[in-house]
There are 2 protein chains.
Amino acid sequence: MSPDHGPLLYEGKAKRIFAADKAEQVIVEFKDDATAFNALKKSQLEGKGKLNCQISACLFEMIEALGVRTHYLGIADENWMVAERVKVIPLEIVLRNIATGSLCKETPIDPGTELKPPLLDIYFKDDGLADPLLTDARLELLGLVSAEQRIEIETISRRVNELLKGFFEKVDLLLVDFKLELGINQLGELLVADEISPDTCRIWDMRTNDPENRILDKDRFRKDLGRVVDSYAEIHKRVQGISSKPRNYS
Amino acid sequence: MSPDHGPLLYEGKAKRIFAADKAEQVIVEFKDDATAFNALKKSQLEGKGKLNCQISACLFEMIEALGVRTHYLGIADENWMVAERVKVIPLEIVLRNIATGSLCKETPIDPGTELKPPLLDIYFKDDGLADPLLTDARLELLGLVSAEQRIEIETISRRVNELLKGFFEKVDLLLVDFKLELGINQLGELLVADEISPDTCRIWDMRTNDPENRILDKDRFRKDLGRVVDSYAEIHKRVQGISSKPRNYS
(Lines give C-alpha, C1' and ligand atoms only; values in the text may rest on other atoms or scores of the structure.)
Protein backbone atom coordinates (compact mmCIF):
# COMPACT_ATOMS: atom_id res chain seq x y z
CA MET A 1 0.00 0.00 0.00
CA SER A 2 2.79 2.43 0.93
CA PRO A 3 4.41 4.03 -2.13
CA ASP A 4 8.16 4.55 -2.35
CA HIS A 5 9.18 7.45 -0.18
CA GLY A 6 12.15 8.98 1.57
CA PRO A 7 12.62 9.69 5.28
CA LEU A 8 9.90 11.10 7.55
CA LEU A 9 10.08 14.89 7.57
CA TYR A 10 7.22 15.71 9.92
CA GLU A 11 4.47 13.88 11.79
CA GLY A 12 1.28 15.74 12.65
CA LYS A 13 -1.83 14.54 14.44
CA ALA A 14 -3.55 13.26 11.26
CA LYS A 15 -0.77 13.03 8.65
CA ARG A 16 2.85 12.04 8.10
CA ILE A 17 4.99 13.93 5.59
CA PHE A 18 7.83 12.05 3.86
CA ALA A 19 10.56 13.18 1.51
CA ALA A 20 10.06 12.30 -2.18
CA ASP A 21 12.66 11.54 -4.86
CA LYS A 22 12.35 15.09 -6.13
CA ALA A 23 13.47 17.71 -3.60
CA GLU A 24 10.53 19.99 -4.42
CA GLN A 25 7.94 17.32 -3.60
CA VAL A 26 6.69 15.43 -0.54
CA ILE A 27 4.61 12.28 -0.01
CA VAL A 28 1.73 12.74 2.45
CA GLU A 29 0.24 9.80 4.37
CA PHE A 30 -3.26 10.38 5.75
CA LYS A 31 -3.55 8.49 9.06
CA ASP A 32 -6.61 6.90 10.68
CA ASP A 33 -5.76 8.72 13.94
CA ALA A 34 -8.47 11.05 15.17
CA THR A 35 -7.79 13.74 17.76
CA ALA A 36 -9.82 16.62 19.20
CA PHE A 37 -9.59 19.30 21.90
CA ASN A 38 -5.88 19.88 21.32
CA ALA A 39 -5.27 16.09 21.34
CA LEU A 40 -6.89 15.52 24.75
CA LYS A 41 -9.29 13.14 22.98
CA LYS A 42 -7.78 10.45 20.75
CA SER A 43 -9.01 7.47 18.76
CA GLN A 44 -8.39 5.30 15.69
CA LEU A 45 -11.05 5.41 12.97
CA GLU A 46 -10.45 2.72 10.35
CA GLY A 47 -10.82 4.08 6.85
CA LYS A 48 -10.69 7.77 7.82
CA GLY A 49 -7.24 8.36 6.31
CA LYS A 50 -8.26 7.00 2.92
CA LEU A 51 -11.51 8.98 2.84
CA ASN A 52 -9.83 12.27 3.84
CA CYS A 53 -7.12 11.72 1.23
CA GLN A 54 -9.63 11.04 -1.54
CA ILE A 55 -12.02 13.87 -0.54
CA SER A 56 -9.09 16.31 -0.31
CA ALA A 57 -7.82 15.21 -3.71
CA CYS A 58 -11.24 15.84 -5.33
CA LEU A 59 -11.63 19.24 -3.67
CA PHE A 60 -8.06 20.36 -4.40
CA GLU A 61 -8.56 19.47 -8.09
CA MET A 62 -11.88 21.31 -8.21
CA ILE A 63 -10.55 24.55 -6.72
CA GLU A 64 -7.38 24.36 -8.83
CA ALA A 65 -9.53 24.06 -11.96
CA LEU A 66 -11.06 27.40 -10.93
CA GLY A 67 -7.75 29.15 -10.38
CA VAL A 68 -6.77 28.54 -6.75
CA ARG A 69 -3.17 27.36 -6.38
CA THR A 70 -2.68 24.41 -3.99
CA HIS A 71 0.19 22.14 -2.98
CA TYR A 72 -1.65 19.09 -4.40
CA LEU A 73 -0.05 17.15 -7.25
CA GLY A 74 -1.93 13.84 -7.30
CA ILE A 75 -2.77 10.59 -5.54
CA ALA A 76 -0.01 8.01 -4.97
CA ASP A 77 -2.19 5.37 -3.32
CA GLU A 78 -5.48 5.13 -1.37
CA ASN A 79 -4.35 7.26 1.58
CA TRP A 80 -1.17 8.71 0.06
CA MET A 81 -0.89 12.00 -1.77
CA VAL A 82 1.98 13.67 -3.62
CA ALA A 83 2.29 17.38 -2.92
CA GLU A 84 4.55 20.29 -3.63
CA ARG A 85 6.98 20.91 -0.80
CA VAL A 86 6.05 24.12 0.99
CA LYS A 87 7.01 25.98 4.12
CA VAL A 88 3.72 25.86 6.02
CA ILE A 89 2.76 29.20 7.62
CA PRO A 90 1.94 28.43 11.30
CA LEU A 91 -1.54 29.95 11.07
CA GLU A 92 -4.95 28.34 10.97
CA ILE A 93 -7.32 30.38 8.82
CA VAL A 94 -10.93 29.70 9.77
CA LEU A 95 -13.80 30.83 7.56
CA ARG A 96 -17.25 30.70 9.15
CA ASN A 97 -20.58 30.85 7.30
CA ILE A 98 -22.72 29.74 10.26
CA ALA A 99 -21.86 30.46 13.91
CA THR A 100 -21.05 27.35 15.93
CA GLY A 101 -18.22 25.81 17.97
CA SER A 102 -15.66 28.02 19.69
CA LEU A 103 -17.12 31.26 18.25
CA CYS A 104 -20.28 30.71 20.31
CA LYS A 105 -18.26 29.94 23.46
CA GLU A 106 -16.19 33.13 23.02
CA THR A 107 -18.91 35.60 22.00
CA PRO A 108 -22.64 36.00 22.72
CA ILE A 109 -23.44 35.13 19.08
CA ASP A 110 -26.15 32.45 18.98
CA PRO A 111 -25.33 29.07 17.40
CA GLY A 112 -26.84 28.83 13.94
CA THR A 113 -26.54 32.57 13.18
CA GLU A 114 -25.74 33.11 9.52
CA LEU A 115 -22.56 35.18 9.18
CA LYS A 116 -22.72 37.67 6.31
CA PRO A 117 -20.04 38.38 5.26
CA PRO A 118 -18.42 35.11 6.36
CA LEU A 119 -16.23 35.64 9.42
CA LEU A 120 -12.49 35.13 9.01
CA ASP A 121 -10.59 34.15 12.16
CA ILE A 122 -6.83 33.62 12.25
CA TYR A 123 -5.32 31.39 14.92
CA PHE A 124 -1.66 30.85 15.76
CA LYS A 125 -0.90 27.17 15.15
CA ASP A 126 0.83 26.21 18.38
CA ASP A 127 -0.29 23.23 20.47
CA GLY A 128 1.63 24.49 23.50
CA LEU A 129 -0.38 27.73 23.46
CA ALA A 130 -3.61 25.89 22.44
CA ASP A 131 -3.87 27.67 19.07
CA PRO A 132 -4.78 31.18 20.29
CA LEU A 133 -6.94 33.59 18.27
CA LEU A 134 -4.89 36.45 16.77
CA THR A 135 -5.99 40.02 16.21
CA ASP A 136 -4.48 41.75 13.18
CA ALA A 137 -2.25 43.76 15.53
CA ARG A 138 -0.94 40.58 17.23
CA LEU A 139 -0.45 38.92 13.81
CA GLU A 140 1.61 41.90 12.70
CA LEU A 141 3.59 41.81 15.95
CA LEU A 142 4.46 38.12 15.44
CA GLY A 143 5.87 38.98 12.01
CA LEU A 144 4.87 35.63 10.48
CA VAL A 145 3.46 37.16 7.29
CA SER A 146 3.90 40.44 5.47
CA ALA A 147 1.05 42.94 5.09
CA GLU A 148 0.72 41.86 1.44
CA GLN A 149 0.58 38.17 2.41
CA ARG A 150 -2.07 38.98 5.06
CA ILE A 151 -4.28 40.43 2.31
CA GLU A 152 -3.53 37.55 -0.07
CA ILE A 153 -4.37 35.01 2.66
CA GLU A 154 -7.76 36.63 3.16
CA THR A 155 -8.46 36.83 -0.58
CA ILE A 156 -7.54 33.17 -1.16
CA SER A 157 -9.50 31.97 1.89
CA ARG A 158 -12.67 33.84 0.92
CA ARG A 159 -12.38 32.56 -2.66
CA VAL A 160 -11.96 28.94 -1.45
CA ASN A 161 -15.01 29.42 0.78
CA GLU A 162 -17.17 30.60 -2.11
CA LEU A 163 -16.03 27.73 -4.33
CA LEU A 164 -16.44 25.00 -1.71
CA LYS A 165 -19.84 26.34 -0.64
CA GLY A 166 -20.99 26.16 -4.26
CA PHE A 167 -19.71 22.60 -4.80
CA PHE A 168 -21.27 21.32 -1.60
CA GLU A 169 -24.64 22.98 -2.23
CA LYS A 170 -24.98 21.02 -5.48
CA VAL A 171 -25.05 17.79 -3.46
CA ASP A 172 -27.16 19.11 -0.55
CA LEU A 173 -24.24 19.76 1.79
CA LEU A 174 -23.93 22.97 3.80
CA LEU A 175 -20.42 24.28 4.47
CA VAL A 176 -20.72 25.65 8.03
CA ASP A 177 -17.05 26.55 8.48
CA PHE A 178 -13.60 25.25 7.64
CA LYS A 179 -9.91 25.64 8.38
CA LEU A 180 -7.21 26.31 5.82
CA GLU A 181 -3.46 26.18 6.14
CA LEU A 182 -1.27 27.90 3.60
CA GLY A 183 2.31 27.35 2.61
CA ILE A 184 5.00 29.07 0.58
CA ASN A 185 6.77 27.11 -2.15
CA GLN A 186 10.34 27.46 -3.34
CA LEU A 187 9.28 30.21 -5.77
CA GLY A 188 7.79 32.22 -2.90
CA GLU A 189 4.19 31.56 -4.04
CA LEU A 190 1.36 31.20 -1.53
CA LEU A 191 -0.43 27.84 -1.91
CA VAL A 192 -3.35 26.20 -0.12
CA ALA A 193 -1.68 23.34 1.78
CA ASP A 194 -2.67 20.68 4.34
CA GLU A 195 -6.03 19.05 3.53
CA ILE A 196 -9.69 19.93 2.88
CA SER A 197 -11.72 17.16 4.48
CA PRO A 198 -14.41 16.44 7.10
CA ASP A 199 -11.57 16.71 9.65
CA THR A 200 -11.08 20.39 8.70
CA CYS A 201 -14.58 21.40 7.51
CA ARG A 202 -17.91 21.46 9.35
CA ILE A 203 -20.43 20.07 6.86
CA TRP A 204 -24.16 19.61 7.46
CA ASP A 205 -26.51 17.38 5.47
CA MET A 206 -29.25 19.59 4.02
CA ARG A 207 -31.44 16.50 3.47
CA THR A 208 -32.33 16.48 7.18
CA ASN A 209 -33.08 19.15 9.80
CA ASP A 210 -32.23 16.93 12.75
CA PRO A 211 -29.51 18.85 14.63
CA GLU A 212 -27.48 15.70 15.33
CA ASN A 213 -28.10 13.63 12.22
CA ARG A 214 -27.23 16.49 9.89
CA ILE A 215 -23.65 16.62 11.23
CA LEU A 216 -21.34 14.75 8.81
CA ASP A 217 -17.92 16.00 9.98
CA LYS A 218 -15.43 15.69 12.84
CA ASP A 219 -18.02 17.10 15.27
CA ARG A 220 -19.46 13.54 15.27
CA PHE A 221 -16.16 12.48 16.87
CA ARG A 222 -15.87 15.54 19.16
CA LYS A 223 -19.44 15.07 20.42
CA ASP A 224 -19.45 11.24 20.52
CA LEU A 225 -22.30 11.03 18.00
CA GLY A 226 -21.03 7.80 16.41
CA ARG A 227 -21.03 6.84 12.67
CA VAL A 228 -17.99 9.05 12.05
CA VAL A 229 -16.45 7.09 9.17
CA ASP A 230 -19.90 6.39 7.64
CA SER A 231 -20.53 10.14 7.53
CA TYR A 232 -17.15 10.84 5.94
CA ALA A 233 -17.99 8.13 3.37
CA GLU A 234 -21.32 9.86 2.66
CA ILE A 235 -19.48 13.12 1.98
CA HIS A 236 -17.03 11.24 -0.26
CA LYS A 237 -19.89 9.65 -2.20
CA ARG A 238 -21.58 12.99 -2.80
CA VAL A 239 -18.34 14.77 -3.74
CA GLN A 240 -17.57 11.96 -6.22
CA GLY A 241 -20.90 12.79 -7.86
CA ILE A 242 -19.62 16.22 -8.90
CA SER A 243 -15.94 15.49 -9.51
CA SER A 244 -13.81 13.28 -11.72
CA LYS A 245 -11.60 10.53 -10.30
CA PRO A 246 -8.48 12.15 -8.76
CA ARG A 247 -5.42 11.86 -10.96
CA ASN A 248 -2.64 9.45 -10.11
CA TYR A 249 0.80 10.91 -9.74
CA SER A 250 3.94 8.97 -10.39
CA MET B 1 -18.09 59.22 55.29
CA SER B 2 -20.76 58.33 52.74
CA PRO B 3 -22.10 61.42 50.92
CA ASP B 4 -25.79 61.81 50.12
CA HIS B 5 -26.73 59.56 47.27
CA GLY B 6 -29.72 57.90 45.66
CA PRO B 7 -30.36 54.17 45.10
CA LEU B 8 -27.71 51.69 43.99
CA LEU B 9 -27.66 51.48 40.19
CA TYR B 10 -24.90 48.93 39.67
CA GLU B 11 -22.38 47.02 41.75
CA GLY B 12 -19.15 45.86 40.14
CA LYS B 13 -16.22 43.96 41.62
CA ALA B 14 -14.41 47.11 42.85
CA LYS B 15 -17.03 49.90 42.77
CA ARG B 16 -20.65 50.70 43.51
CA ILE B 17 -22.53 53.23 41.38
CA PHE B 18 -25.36 55.21 42.98
CA ALA B 19 -27.87 57.65 41.56
CA ALA B 20 -27.22 61.35 42.29
CA ASP B 21 -29.68 64.18 42.76
CA LYS B 22 -29.10 65.26 39.18
CA ALA B 23 -30.21 62.66 36.62
CA GLU B 24 -27.10 63.21 34.49
CA GLN B 25 -24.72 62.37 37.35
CA VAL B 26 -23.77 59.34 39.48
CA ILE B 27 -21.91 58.88 42.76
CA VAL B 28 -19.17 56.23 42.62
CA GLU B 29 -17.96 54.39 45.72
CA PHE B 30 -14.51 52.78 45.44
CA LYS B 31 -14.53 49.56 47.49
CA ASP B 32 -11.70 47.87 49.35
CA ASP B 33 -12.62 44.56 47.63
CA ALA B 34 -9.84 43.07 45.54
CA THR B 35 -10.53 40.38 42.95
CA ALA B 36 -8.43 38.69 40.29
CA PHE B 37 -8.65 35.86 37.74
CA ASN B 38 -12.28 36.63 36.88
CA ALA B 39 -13.11 36.85 40.63
CA LEU B 40 -11.74 33.38 41.47
CA LYS B 41 -9.38 35.13 43.90
CA LYS B 42 -10.92 37.58 46.37
CA SER B 43 -9.76 39.63 49.31
CA GLN B 44 -10.31 42.84 51.28
CA LEU B 45 -7.49 45.40 51.22
CA GLU B 46 -8.10 48.18 53.73
CA GLY B 47 -7.44 51.57 52.21
CA LYS B 48 -7.40 50.43 48.59
CA GLY B 49 -10.71 52.09 47.72
CA LYS B 50 -9.57 55.49 48.97
CA LEU B 51 -6.21 55.27 47.17
CA ASN B 52 -7.75 54.20 43.85
CA CYS B 53 -10.34 56.99 44.11
CA GLN B 54 -7.69 59.66 44.82
CA ILE B 55 -5.21 58.37 42.19
CA SER B 56 -8.00 58.18 39.57
CA ALA B 57 -9.11 61.70 40.43
CA CYS B 58 -5.58 63.09 39.94
CA LEU B 59 -5.09 61.24 36.65
CA PHE B 60 -8.54 62.12 35.29
CA GLU B 61 -7.87 65.81 36.03
CA MET B 62 -4.44 65.63 34.40
CA ILE B 63 -5.65 64.06 31.15
CA GLU B 64 -8.71 66.34 31.03
CA ALA B 65 -6.41 69.36 31.31
CA LEU B 66 -4.74 68.07 28.13
CA GLY B 67 -7.95 67.64 26.20
CA VAL B 68 -9.20 64.09 26.93
CA ARG B 69 -12.87 63.98 27.89
CA THR B 70 -13.68 61.81 30.93
CA HIS B 71 -16.74 61.07 33.08
CA TYR B 72 -14.99 62.53 36.17
CA LEU B 73 -16.54 65.57 37.83
CA GLY B 74 -14.84 65.69 41.25
CA ILE B 75 -14.31 64.07 44.64
CA ALA B 76 -17.26 63.78 47.06
CA ASP B 77 -15.33 62.14 49.91
CA GLU B 78 -12.20 60.02 50.47
CA ASN B 79 -13.37 57.03 48.41
CA TRP B 80 -16.36 58.67 46.69
CA MET B 81 -16.34 60.34 43.29
CA VAL B 82 -18.98 62.24 41.36
CA ALA B 83 -19.11 61.37 37.68
CA GLU B 84 -21.16 62.06 34.60
CA ARG B 85 -23.72 59.35 33.98
CA VAL B 86 -22.70 57.35 30.91
CA LYS B 87 -23.73 54.17 29.17
CA VAL B 88 -20.57 52.10 29.57
CA ILE B 89 -19.51 50.28 26.39
CA PRO B 90 -18.95 46.62 27.38
CA LEU B 91 -15.39 46.56 26.08
CA GLU B 92 -12.07 46.55 27.89
CA ILE B 93 -9.47 48.45 25.90
CA VAL B 94 -5.97 47.33 26.84
CA LEU B 95 -2.90 49.32 25.78
CA ARG B 96 0.41 47.54 26.20
CA ASN B 97 3.85 49.19 26.17
CA ILE B 98 5.75 46.17 27.54
CA ALA B 99 4.73 42.54 26.94
CA THR B 100 3.62 40.74 30.10
CA GLY B 101 0.59 38.93 31.55
CA SER B 102 -1.94 37.25 29.26
CA LEU B 103 -0.21 38.45 26.07
CA CYS B 104 2.77 36.24 26.91
CA LYS B 105 0.53 33.26 27.68
CA GLU B 106 -1.32 33.63 24.36
CA THR B 107 1.59 34.37 22.03
CA PRO B 108 5.29 33.42 21.89
CA ILE B 109 6.25 37.05 22.64
CA ASP B 110 8.80 37.13 25.46
CA PRO B 111 7.88 38.91 28.71
CA GLY B 112 9.59 42.30 28.87
CA THR B 113 9.54 42.88 25.10
CA GLU B 114 8.99 46.56 24.34
CA LEU B 115 5.97 46.97 22.07
CA LYS B 116 6.45 49.69 19.45
CA PRO B 117 3.87 50.85 18.53
CA PRO B 118 2.02 50.04 21.74
CA LEU B 119 -0.32 47.07 21.23
CA LEU B 120 -4.06 47.73 21.49
CA ASP B 121 -6.19 44.73 22.50
CA ILE B 122 -9.98 44.90 22.79
CA TYR B 123 -11.78 42.44 25.06
CA PHE B 124 -15.49 41.83 25.42
CA LYS B 125 -16.44 42.66 29.01
CA ASP B 126 -18.42 39.59 30.01
CA ASP B 127 -17.61 37.59 33.14
CA GLY B 128 -19.63 34.60 31.90
CA LEU B 129 -17.43 34.39 28.80
CA ALA B 130 -14.27 35.31 30.80
CA ASP B 131 -13.68 38.58 28.88
CA PRO B 132 -12.64 37.12 25.50
CA LEU B 133 -10.24 38.89 23.13
CA LEU B 134 -12.02 40.36 20.09
CA THR B 135 -10.68 40.66 16.57
CA ASP B 136 -11.89 43.68 14.60
CA ALA B 137 -14.14 41.37 12.58
CA ARG B 138 -15.72 39.92 15.74
CA LEU B 139 -16.11 43.42 17.20
CA GLU B 140 -17.93 44.50 14.05
CA LEU B 141 -20.10 41.38 14.18
CA LEU B 142 -21.15 42.13 17.78
CA GLY B 143 -22.31 45.58 16.67
CA LEU B 144 -21.41 47.24 20.00
CA VAL B 145 -19.73 50.25 18.41
CA SER B 146 -19.87 51.92 15.01
CA ALA B 147 -16.85 51.98 12.69
CA GLU B 148 -16.36 55.67 13.60
CA GLN B 149 -16.50 54.89 17.33
CA ARG B 150 -13.98 52.06 16.83
CA ILE B 151 -11.52 54.58 15.37
CA GLU B 152 -12.30 57.16 18.08
CA ILE B 153 -11.78 54.53 20.81
CA GLU B 154 -8.33 53.74 19.43
CA THR B 155 -7.40 57.42 19.07
CA ILE B 156 -8.48 58.25 22.64
CA SER B 157 -6.78 55.17 24.12
CA ARG B 158 -3.46 55.84 22.40
CA ARG B 159 -3.61 59.49 23.47
CA VAL B 160 -4.31 58.50 27.11
CA ASN B 161 -1.37 56.08 26.93
CA GLU B 162 1.02 58.77 25.74
CA LEU B 163 -0.17 61.20 28.44
CA LEU B 164 -0.06 58.71 31.32
CA LYS B 165 3.35 57.38 30.23
CA GLY B 166 4.68 60.93 30.30
CA PHE B 167 3.23 61.73 33.75
CA PHE B 168 4.52 58.52 35.28
CA GLU B 169 8.01 58.86 33.80
CA LYS B 170 8.41 62.18 35.62
CA VAL B 171 8.19 60.33 38.94
CA ASP B 172 10.20 57.25 37.90
CA LEU B 173 7.20 55.05 37.19
CA LEU B 174 6.94 52.89 34.06
CA LEU B 175 3.48 52.36 32.58
CA VAL B 176 3.65 48.73 31.41
CA ASP B 177 0.02 48.43 30.29
CA PHE B 178 -3.44 49.53 31.34
CA LYS B 179 -7.14 48.98 30.75
CA LEU B 180 -9.64 51.66 29.80
CA GLU B 181 -13.39 51.56 29.71
CA LEU B 182 -15.34 54.12 27.74
CA GLY B 183 -18.89 55.33 28.01
CA ILE B 184 -21.32 57.41 26.02
CA ASN B 185 -23.05 60.35 27.74
CA GLN B 186 -26.51 61.72 27.11
CA LEU B 187 -25.15 63.94 24.32
CA GLY B 188 -23.72 60.88 22.54
CA GLU B 189 -20.12 61.85 23.38
CA LEU B 190 -17.46 59.23 24.04
CA LEU B 191 -15.84 59.66 27.48
CA VAL B 192 -13.14 57.80 29.39
CA ALA B 193 -15.09 56.16 32.23
CA ASP B 194 -14.41 53.69 35.06
CA GLU B 195 -11.10 54.39 36.85
CA ILE B 196 -7.37 54.78 36.17
CA SER B 197 -5.60 53.22 39.14
CA PRO B 198 -3.12 50.49 40.15
CA ASP B 199 -6.09 48.10 39.82
CA THR B 200 -6.30 48.86 36.09
CA CYS B 201 -2.68 49.81 35.24
CA ARG B 202 0.52 47.78 35.47
CA ILE B 203 3.10 50.19 36.90
CA TRP B 204 6.76 49.42 37.60
CA ASP B 205 9.09 51.37 39.87
CA MET B 206 12.04 52.54 37.77
CA ARG B 207 14.07 53.14 40.96
CA THR B 208 14.73 49.37 41.22
CA ASN B 209 15.48 46.60 38.73
CA ASP B 210 14.31 43.82 41.03
CA PRO B 211 11.60 42.00 39.05
CA GLU B 212 9.35 41.58 42.10
CA ASN B 213 10.05 44.75 44.05
CA ARG B 214 9.49 46.97 41.03
CA ILE B 215 5.84 45.83 40.75
CA LEU B 216 3.58 48.47 42.35
CA ASP B 217 0.17 47.44 40.93
CA LYS B 218 -2.50 44.75 41.24
CA ASP B 219 0.02 42.11 40.12
CA ARG B 220 1.24 42.22 43.74
CA PHE B 221 -2.20 40.86 44.68
CA ARG B 222 -2.46 38.43 41.73
CA LYS B 223 0.99 36.99 42.46
CA ASP B 224 0.76 37.10 46.30
CA LEU B 225 3.75 39.45 46.56
CA GLY B 226 2.39 41.28 49.63
CA ARG B 227 2.56 45.03 50.38
CA VAL B 228 -0.30 45.73 47.98
CA VAL B 229 -1.78 48.80 49.69
CA ASP B 230 1.71 50.14 50.52
CA SER B 231 2.57 50.03 46.82
CA TYR B 232 -0.66 51.77 45.84
CA ALA B 233 0.18 54.42 48.48
CA GLU B 234 3.64 54.86 46.92
CA ILE B 235 2.04 55.47 43.51
CA HIS B 236 -0.38 57.94 45.13
CA LYS B 237 2.49 59.80 46.81
CA ARG B 238 4.41 60.12 43.56
CA VAL B 239 1.34 61.16 41.53
CA GLN B 240 0.56 63.81 44.16
CA GLY B 241 4.02 65.21 43.46
CA ILE B 242 3.00 66.16 39.91
CA SER B 243 -0.68 67.02 40.39
CA SER B 244 -2.78 69.46 42.34
CA LYS B 245 -5.24 68.32 45.00
CA PRO B 246 -8.33 66.87 43.28
CA ARG B 247 -11.26 69.23 43.27
CA ASN B 248 -14.24 68.67 45.53
CA TYR B 249 -17.60 68.41 43.89
CA SER B 250 -20.81 69.31 45.59
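Reader: Why does D219(A) count as buried?

Author: Its relative accessibility is 3%. Buried means under 20% relative accessible area, exposed means over 50%, and partly exposed lies in between (1.4 Å probe, protein chains only). So D219(A), at 3%, falls in the buried class. A word on the ground rules: this is a predicted model, where local features need pLDDT of at least 70, side-chain atom pairs count only at pLDDT 80 or more, totals for chains, interfaces and linings use all residues, and side-chain values use heavy atoms, without hydrogens or water. Residues are numbered from 1 along each chain as its sequence is written, while chains are lettered from A and ligands numbered from 1 in the order in which they are written.

Reader: What makes D219(A) and R222(A) a salt bridge?

Author: A salt bridge is a side-chain nitrogen of Lys or Arg within 4 Å of a carboxyl oxygen of Asp or Glu. For D219(A) and R222(A) the N to O distance is 2.6 Å, so the pair qualifies. Both residues lie in helix α5 of chain A, three residues apart, about one turn of the helix. (Helices are DSSP runs of H or I with at least four residues, and strands are runs of E with at least two, numbered from the N terminus.)

Reader: Why is R222(A) called partly exposed?

Author: R222(A) has a relative accessibility of 24%, and that value puts it in the partly exposed class.

Reader: What parts of chain B does the salt bridge of E11(B) and K31(B) tie together?

Author: The two side chains meet at 2.7 Å, N to O. E11(B) lies in strand β1 (residues 8-11) and K31(B) in the loop between β3 (25-30) and β4 (33-36), so the pair ties together parts that are 20 residues apart in sequence. K31(B) is buried, because its relative accessible area is 7%, whereas E11(B), at 38%, is partly exposed.

Reader: Why is α1(B) said to be largely enclosed?

Author: Of its 18 residues, 15 are buried, so the rest of the structure largely encloses α1(B). Just after this helix, G67(B) takes a positive phi of about 100°.

Reader: What makes R138(B) and D121(A) partners across the two chains?

Author: They form a salt bridge, with the closest N and O atoms 2.7 Å apart. The count between chain B and chain A is four salt bridges.
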